[in-house]
Amino acid sequence: MPENEGATPALTREALAQAALKVLERDGLAGLSMRKVAAEVGVKAASLYWHVRNKEELIDLLNDAIMAKAEPPPRAGGWREQLHGYCLRHRRLLLDNRDAAKVVAGRMGLGPHMLAILEDQLDRLRAAGFSNADAAMVTYLLGTFVQGFVLQEQAPISAAEAMGTSRRDAVDAAADLFRTLPADEFPTLVELADDLTEPDMDARFEFCVQRILDGLATLLPPELR
């Protein structure tokens, strides 16, 4: 249906996006529904269909509303520092907004806020010397990595954590298990018990980002790395 034909005058796609954000924060992605979003803006669910055809289109709006909170890093330092800043800020955005990683992961955002971020990132990559094709691939790589990392980070690592045990306690339990394995059968796991379990998620994220940046540097001529 045309968006302006018979639509509720006070209802806009922006209002729906903001209402969806409130529902997401309160109930999570699993609890998001057209009915709840409609209630948030004070209308019947049927009124939403003048603006979005289904829940998937609502999630598209929600995706862009999340990206509206994204702040590109300063254009300071070299390309490594700027891409590093992008990764740190994207992770923080996804961690600070409930189920944001589940909303954005795998979804091609074509809303105005996502387009602005994409334009900025591609412009920086081309200015750094990356080819057009490589710049396009890099934006995909960085987004996919950060989103996947956060999905892993927010998923319970064991049944114990899912049942309420702290992540640190769950990880320490895994370390204890590694240490008590038969050394003749699992010598490497026994020896690396601390290396496998001591780093926190910040340290793991930093290691991964730096290795990605190392790999990207190989796409540039030596003088631009």
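1. Helix 5 passes helix 7 in a left-handed crossing. This is a predicted model. The axes of helix 5 (residues 79–96) and helix 7 (residues 112–128) come within 10 Å. They cross at roughly 160°. That angle is over 145°, so helix 5 counts as roughly antiparallel to helix 7.

2. Which residues make the contact between helix 5 and helix 7? Helix 5 supplies Trp79, Gln82, Leu83 and Tyr86. Helix 7 supplies Ile117, Asp120, Gln121, Arg124, Leu125 and Ala128. By type, the contact residues are six nonpolar, two polar and two charged.

3. Next, the aromatic rings. The structure holds four aromatic pairs. One of them joins Trp79 and Phe130 in an edge-to-face arrangement. The ring centres are 5.3 Å apart, with 90° between the planes. Trp79 lies in helix 5, and Phe130 in the loop between helix 7 and helix 8 (132–154). The pair therefore ties together parts that are 51 residues apart in sequence.

4. Are Trp79 and Phe130 buried or exposed? Trp79 has a relative accessible area of 10%, so it is buried. Phe130 is buried too, at 3%.

5. Phe145 and Phe149 form a tilted aromatic pair. The distance is 5.8 Å centre to centre, and the planes stand at 55°. Both residues lie in helix 8, four residues apart, so about one helical turn separates them. Phe145 is buried, with a relative accessible area of 16%. Phe149 also counts as buried, at 10% relative accessibility.

How values were computed
Residues are numbered from 1 along each chain as its sequence is written. This is a predicted model: local features need pLDDT of at least 70, side-chain atom pairs count only at pLDDT 80 or more; totals for chains, interfaces and linings use all residues. Side-chain values use heavy atoms; hydrogens and water are left out. Axes are lines fitted to C-alpha atoms, for helices over the stretch in contact, and angles run from 0 to 180 degrees between N-to-C directions. Helices (H or I, at least four residues) and strands (E, at least two) are DSSP runs, numbered from the N terminus. Angles under 35 degrees count as roughly parallel, over 145 as roughly antiparallel, 65 to 115 as roughly perpendicular and the rest as oblique. A crossing is left-handed if the near helix is turned anticlockwise from the far one by less than a right angle, and right-handed if clockwise. Contact means heavy atoms within 4.5 Å. Ala, Val, Leu, Ile, Met, Phe, Trp, Tyr, Cys and Pro count as nonpolar, Asp, Glu, Lys and Arg as charged, and the others, Gly among them, as polar. Rings of Phe, Tyr and Trp (its six-membered ring) pair if their centres lie within 6.5 Å; planes under 30 degrees apart count as stacked, over 60 as edge-to-face and the rest as tilted. Buried means under 20% relative accessible area, exposed over 50%, partly exposed in between (1.4 Å probe, protein chains only).
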